[in-house]
Amino acid sequence: PRSGHRMVQVKKLLIIFGGFHDNTSDYRYFNDVHAFNLETYSWMKLEVLGEAPSPRSGFVMAPCTEPPLVNIYGGYSKEKGKRNAVLGRTHSDMFILAPDGGY
């Protein structure tokens, strides 16, 4: 289970990235990428080559169809600091994901 993730359509794929899971006693942020193929109705995990965005939620994700790209900007995450203090982090970086093949 997760929330705060984003999903966009690029050609025949629905691309989902990031999000978090919080069960009041612990939390976890994600930076995994999955795709749902609208023709085969199947999920696949996409591997990121190069520098991956750090785990985050609440970011902006926008598709660009020529060439097929996904832009990711900003977001939010929590990190454990000294003495297990929870520190919020606002991201202001940008990444471009390029799904490879199968679309």
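Start at Tyr76: across in strand S9, Tyr76 has Thr90 as its bridge partner. Two strands pair here if DSSP finds at least two bridges between them. S8 and S9 make a hairpin with five residues between them, and Arg83 in that turn has a positive phi of about 55°.

A word on where all this comes from: the model is predicted, so local features need pLDDT of at least 70 and side-chain atom pairs count only at pLDDT 80 or more, while totals for chains, interfaces and linings use all residues. Residues are numbered from 1 along each chain as its sequence is written, and side-chain values use heavy atoms, with hydrogens and water left out.

Now follow S8 to another neighbour. Strand S7 (residues 60-64) pairs with S8 in the antiparallel sense over five bridges; there, Pro63 has Val70 of S8 as its bridge partner. These two strands also form a hairpin, this time with four residues between them.

Step back and you'll find zero helices and nine strands in the protein. Helices (H or I, at least four residues) and strands (E, at least two) are DSSP runs, numbered from the N terminus. The C-alpha trace spans about 50 × 25 × 20 Å along its principal axes.

What about the inside? Of the protein's 103 residues, 31% count as buried, meaning under 20% relative accessible area with a 1.4 Å probe and protein chains only. Nonpolar side chains tend to be buried together in soluble globular proteins. In this model, the largest nonpolar core has 13 residues, and Val8, Ile15, Phe17, Met61, Val70 and Ile72 touch the most other members. Such a core is a set of buried Ala, Val, Leu, Ile, Met, Phe, Trp, Tyr and Cys residues joined through side-chain atoms within 4.5 Å.

Leaving out residues up to four places away in sequence, Ile72 touches Phe17, Pro53, Phe59, Val60, Met61, Asp93, Met94, Phe95 and Leu97. Contact means heavy atoms within 4.5 Å. Across the protein, residues 24 or more positions apart account for 45% of the contacts with a separation of 6 or more.

Methods:
Buried < 20%, exposed > 50% of the residue type's maximum accessible area, 1.4 Å probe, protein only.
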